[in-house]
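Open the model in your viewer and keep the sequence panel beside it. The tour goes from one selection to the next.

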Amino acid sequence: ELFTGLYGALVWQLLQDLDNVGAVNGELRGIGRSMGGRLIDEMLAKLGNSRVGSFEEAVATVVEQGLRTFLGTQAQASQWDSGKTSCRVILEDVPMLEHTEVPERYAGLQYCTLLSGLIEGCMEQLGMQVEATEVDGGEGAAQRAYVADLRLKSHKDEEYPYKDDE
């Protein structure tokens with residue numbers, strides 16, 4: 001509940017300071033990207049894993065392990081395309097959406113765009129440029145769910161300053 005209240009206060013303060021919904025969306029995404037870079041380092045250290053190979057493995061690590069661990073919510077990646085370069089990410093029962101109503105005058109506010117930025121920041125630390133686009137979950141989707149389409153834009157192979165076989 002503390003996180004929920006603090007996040008709501010952060011969004012409200014940004015709306016007051018910036019007085020522009022588009023600028024607030026950008027700021028929230030930027031904050032999320034910064035958090036994501038730190039979250040993935042912490043998560044990989046806890047898991048004892050320093051390498052993630054494919055996009056599919058990275059998404060599983062970030063979404064299904066990292067977000068579940070740090071947000072305490074069920075998370076999954078599904079609806080993969082045939083090339084395994086895009087999928088749908090679903091976080092169920094997101095705490096920051098509890099007791100949240102966005103006034104009509106802020107209709108363009110993407111309240112959960114911090115989560116999009118968080119995923120992008122994590123993936124960027126793993127050498128993958130991705131785009132997370134929040135989508136409406138459709139009918140039957142839980143009120144407190146975050147749903148986004150995740151698309152791989154580029155994947156930079158890991159480069160080492162040394163050779164493993166020497």
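Which residues does C112 touch, not counting residues up to four places away in sequence? Select C112 in this predicted model, then show Y7, L97, E134 and Y146, which are the residues it touches once those up to four places away are left out. C112 sits in the loop between β2 and α4. With a relative accessible area of 2%, C112 is under the 20% cut-off and therefore counts as buried. Next, pick the C-alpha atoms of C112 and A148: they are 10.0 Å apart, while the two residues are separated by 36 residues along the chain.

Now move to the largest nonpolar core. Select L109, M123, Y146 and L150; of the 45 residues in this core, these touch the most other members. Then colour the elements that each supply at least two residues of the core: the helices α1 (2-18), α2 (21-47), α3 (55-71) and α4 (113-125), and the strands β1 (75-78), β2 (86-91), β3 (128-134) and β4 (146-155). In soluble globular proteins, nonpolar side chains tend to be buried together.

Stay with L150 and show its contacts. Leaving aside neighbours within four places in sequence, L150 is in contact with F55, V59, T85, S86, C87, V89, I119, V130, E131 and A132.

The last stop is the second largest pocket, with a volume of about 190 Å³. Select G8, V11, T100, E101 and Y111, which are the closest to its centre among the 15 residues that line it. What classes of residue make up this lining? It has 8 nonpolar, 5 polar and 2 charged residues.

Terms used. Residues are numbered from 1 along each chain as its sequence is written. This is a predicted model: local features need pLDDT of at least 70, side-chain atom pairs count only at pLDDT 80 or more; totals for chains, interfaces and linings use all residues. Side-chain values use heavy atoms; hydrogens and water are left out. A nonpolar core is a set of buried Ala, Val, Leu, Ile, Met, Phe, Trp, Tyr and Cys residues joined through side-chain atoms within 4.5 Å. Buried means under 20% relative accessible area, exposed over 50%, partly exposed in between (1.4 Å probe, protein chains only). Helices (H or I, at least four residues) and strands (E, at least two) are DSSP runs, numbered from the N terminus. Contact means heavy atoms within 4.5 Å. On a 1 Å grid over the protein atoms alone, a cavity is a set of points where a 1.4 Å probe fits but cannot get out, and a pocket is an open set with protein on both sides within 12 Å along at least five of seven lines; lining residues have an atom within 4 Å of a point. Grid points are joined across faces, edges and corners, and a volume is the space filled by probe spheres set on the points. Ala, Val, Leu, Ile, Met, Phe, Trp, Tyr, Cys and Pro count as nonpolar, Asp, Glu, Lys and Arg as charged, and the others, Gly among them, as polar.
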